[in-house]
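I'm opening my notebook to look a few things up in this structure. I'll jot down each answer as I go.

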Amino acid sequence: VRDPQEAARWLDRAVARAPRSTTARWARVGHRLELGRLEDALADVEHLEAMARGGRAKHLVWLLAGRAWRAAGLGSRAGALFERALRYVPEEPRALAGLGAALVEDGREARGVAVLTRALDLAEARRQPTSRLLLDLGRALAEALDDLPTAVARVSSIPADAPEAPVARGLEGRWRARLGDVAGAVLSFARLRELAMSLPSPTDDDRAAPIAALLLEAAEMERDRLHDPLAAQRHLAAALRLRPRDAQLLRAYRDVGALVAGRVEEEPADAEPSGFPEEEAESATHRTVTERPVLDLSFAAPEEDAASAERVEELTRKLQANPSDDAVVDELLALLESLGRGHELLA
């Protein structure tokens, strides 16, 4: 049922028929939060607490409730729920992490970061997973305390096989760019793109939206700051794999494609790159501002005919509108292969 009100009525009937069904009650908690019925949702959580047996089970009820409040955009109100979880199991890292994040969202940044740091120390001492904690702590440091170097250090330690790794690499790229470390930002965004390409396409993964947004941010940096539309195009292609019908991504991809086609038409492949005037080349300050970073992860693209590039764009739009059109698929594959655009061929 798509209508939240109608879904809530059906869930009321389900709970009336099976009042001890935890599945029905948790589903009703989520729908009541969606409808803004916070007191009713809290009443369901208290009923679940009453049904739970043992301190750890009751702790888990309030831990899940706090996470549900945060997922519903009510992070500032979730602190009290995590505190109730800590009454049953004090010094539990996940509950402490939730409390710390809630404190940060409630405007108590310093206290929240201290609680998050304590949660991380406990999780490391008990050899528990720390990737989610590191991500929350990094966000708090960067967005609440403006401590970008420490935030980068925290999220960069998240391993590549963790579920939080793609978002971590994207945030690392964002913060490195804000620090002026353009080369580091390029590397972090490239790692984000690689991780995004490993996800299924398209996907219902909850991470798809934030990952696509970070890839769009990476493309904007490559296009506007580094003037490299080809690298921007690669980021956008990876984002479109995850969200092929996203209007903003499609518009950005078309704009970048036009820039790529214009560059190919205006700058022949055999043209010599224009150098800086001798007196400007001797200026270290000028080199710092205008040169590309030493670390360049973009792939060398062969010369493309403007008409072929436009045809690729047209076929791509047709394929997105009708993915089952085999004729379009065959023509697009052949054209991409002839142009040497291997990254798009893979996508």
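This is a predicted model: local features need pLDDT of at least 70, side-chain atom pairs count only at pLDDT 80 or more; totals for chains, interfaces and linings use all residues.

I looked up which residues of H12 are buried, and they are Ala208, Ile211, Ala212, Leu214, Leu215, Leu216, Ala218, Ala219, Met221 and Glu222. Buried means under 20% relative accessible area, exposed is over 50%, and partly exposed is in between, with a 1.4 Å probe and protein chains only. Helices here are DSSP runs of H or I with at least four residues, strands are runs of E with at least two, and both are numbered from the N terminus.

Residues are numbered from 1 along each chain as its sequence is written, and side-chain values use heavy atoms, with hydrogens and water left out.

Next I checked the largest nonpolar core, which has 82 residues; Trp69, Trp175, Ile211 and Leu236 touch the most other members. Helix H12 (residues 208-225) gives the most to this core, nine residues. A nonpolar core is a set of buried Ala, Val, Leu, Ile, Met, Phe, Trp, Tyr and Cys residues joined through side-chain atoms within 4.5 Å.

What does Ile211 contact beyond its neighbours within four places in sequence? I found Pro166, Val167, Leu192, Ala196, Leu199 and Leu242, where contact means heavy atoms within 4.5 Å.

Just after H12, I noted that His227 has a positive phi of about 55 degrees.

**H8 against H9**

I looked at helix H8 (residues 131-144) and H9: their axes come within 8 Å and cross at roughly 170 degrees. Axes are lines fitted to C-alpha atoms, for helices over the stretch in contact, and angles run from 0 to 180 degrees between N-to-C directions. H8 and H9 are therefore roughly antiparallel, since angles over 145 degrees count that way, under 35 as roughly parallel, 65 to 115 as roughly perpendicular and the rest as oblique. On the H8 side, the residues in contact include Leu134 and Gly138, and on the H9 side they include Leu148 and Arg154.

**Two loop residues**

Thr130 sits in the loop between helix H7 (109-125) and H8, and counts as buried at 17% relative accessibility. Leaving out residues up to four places away in sequence, Thr130 touches Leu120, Ala123 and Glu124.

Ala162 is in the loop between helix H9 (148-156) and helix H10 (165-179). Is Ala162 buried or exposed? I got buried, with a relative accessible area of 9%.
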